[in-house]
Amino acid sequence: MALLNLYSLSHLIIWFLAGRFTRINWVIFLTISIGWEFLELVLPFEFAEEWIGNKLADVVVNIVGFYLGNRLKERAQ
C-alpha cells in the first residue's frame, strides 16, 4: 500500500480550505485531524482500512494543508 494516495490529496485540499476560510485554530484542527484517524481504526468501511504509516502520512498532509491555508489567509489580510 502506498504511503500517499488519492485520499491524501483530498486531505490536503480539505484542510487547505479549512485553514484558508475558517477560524479554526491549531488545537481544534489537531483534535479533529488526529481524532478522525483514531476513529478510522474502528470504522467498518474499506476506506478506513489503512496501514499505520498511511495514517501518520495523512496527519502530516493535514498539517501541511492547514498550514498553507493559514499562511494564505494571513497574507490576504
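Is Glu40 buried or exposed, judged by its relative accessibility? Glu40 counts as buried because its relative accessibility is 4%. The views below come from a predicted model, in which local features need pLDDT of at least 70 and side-chain atom pairs count only at pLDDT 80 or more, while totals for chains, interfaces and linings use all residues. Residues are numbered from 1 along each chain as its sequence is written, and side-chain values use heavy atoms, with hydrogens and water left out.

**View 1. Glu40 and Trp36 in helix H2.** Glu40 is found in helix H2. Trp36 is also found in H2. Helices here are DSSP runs (H or I, at least four residues), numbered from the N terminus. Buried means under 20% relative accessible area, exposed over 50%, and partly exposed in between (1.4 Å probe, protein chains only). Trp36 has 36% relative accessibility, so Trp36 counts as partly exposed. The side chains of Glu40 and Trp36 make a polar contact at 2.9 Å. A polar contact is a pair of N or O atoms within 3.5 Å; within protein, one must be able to donate a hydrogen and the other to accept it, and residues adjacent in sequence count only if both atoms are side-chain atoms.

**View 2. Helix H1 from end to end.** H1 covers residues 6-21, which is 16 residues. At 1.5 Å a residue, H1 should span 22 Å. The expected span is 1.5 Å times one less than the number of residues. The end C-alpha atoms of H1 are 23 Å apart, which agrees. At the start of H1, a side-chain oxygen of Asn5 reaches to within 3.0 Å of the backbone nitrogen of Tyr7.

**View 3. The two sides of H1.** The buried residues of H1 are Ser8, His11, Trp15, Ala18 and Gly19. Seen down the axis of H1, they fall within an arc of 95 degrees, so they line one face of the helix. The arc is that of the directions from the helix axis to the C-beta atoms. An α-helix has 3.6 residues a turn, so residues three or four places apart point the same way. The face turned away from the buried side carries exposed Leu6, Ile14 and Phe21. The buried residues of H1 pack against helix H2 (26-40) and helix H3 (52-76).

View 4. Phe29 lies in helix H2. Phe29 is buried, with a relative accessible area of 0%. Contact means heavy atoms within 4.5 Å. Leaving aside neighbours within four places in sequence, Phe29 is in contact with Trp15, Ile24, Asn62, Ile63 and Phe66. The C-alpha atoms of Phe29 and Ala18 are separated by 8.9 Å.
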